[in-house]
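Trainee: I have a chain to go through with you. Can we start with the overall picture and then move to single residues?

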Amino acid sequence: MTLYIDPPTWPGHGRMWSHLVSDVSFEELHAFAAAIGAPRRAFERDHYDIPADHYAAAVTGGAVEVGSKELLRRLTAAGLRRPKGRPAGPPLKRVDGV
């Protein structure tokens, strides 16, 4: 089980935000987010938006701190990336077996 979080560098609604992702499953991501008190409405397609004032709780809870590019790379490699404009159906199966 590995969850990743990028630094709170994304502005929005008068706050700074991080992205929280899993490299295993959305079920794992939802369970972790609930455990740190993130509401389900913070889930957007393939990640949770985490406000800067909750960043420490995510890291203390076990999320690994990575840069934004690394977070995206891991999310994509896990086959869990759901970019805007694509249906939010089940993730695509990976062909290379990784």
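Trainee: What percentage of the residues in the protein chain is buried?

Mentor: This is a predicted model, where local features need pLDDT of at least 70, side-chain atom pairs count only at pLDDT 80 or more, and totals for chains, interfaces and linings use all residues. Residues are numbered from 1 along each chain as its sequence is written, and side-chain values use heavy atoms, leaving out hydrogens and water. Buried means under 20% relative accessible area (1.4 Å probe, protein chains only). Of the 98 residues in the protein chain, the buried share is 37%.

Trainee: Which pattern does the protein chain follow along the sequence?

Mentor: Helices (H or I, at least four residues) and strands (E, at least two) are DSSP runs, numbered from the N terminus. The protein chain has 3 helices and 6 strands. Read along the sequence, the pattern is β-β-β-α-β-β-α-β-α.

Trainee: Which elements do the buried residues of H1 pack against?

Mentor: Helix H1 spans residues 26–35, and its buried residues are Phe26, Glu28, Leu29, His30, Phe32 and Ala33. Contact here means heavy atoms within 4.5 Å. By that test, the partners are strands S1 (3–5), S3 (15–22), S4 (43–44) and S5 (47–51), and helix H2 (55–60).

Trainee: Which side chain of opposite charge is nearest to Asp6?

Mentor: Asp6 sits in the loop between S1 and strand S2 (10–12). Lys and Arg count as positive, Asp and Glu as negative; His and the chain ends are not counted. A salt bridge needs a side-chain nitrogen of Lys or Arg within 4 Å of a carboxyl oxygen of Asp or Glu. Asp6 is buried and has none; at 10 Å, the nearest such side chain is Arg81.

Trainee: Which side chain does a polar contact of 3.1 Å join to Asp6?

Mentor: A polar contact is a pair of N or O atoms within 3.5 Å; within protein, one must be able to donate a hydrogen and the other to accept it, and residues adjacent in sequence count only if both atoms are side-chain atoms. Beyond four places in sequence, Asp6 touches residues including Ser18, Tyr55 and Leu71. The 3.1 Å partner is Ser68.

Note on methods. Buried < 20%, exposed > 50% of the residue type's maximum accessible area, 1.4 Å probe, protein only.
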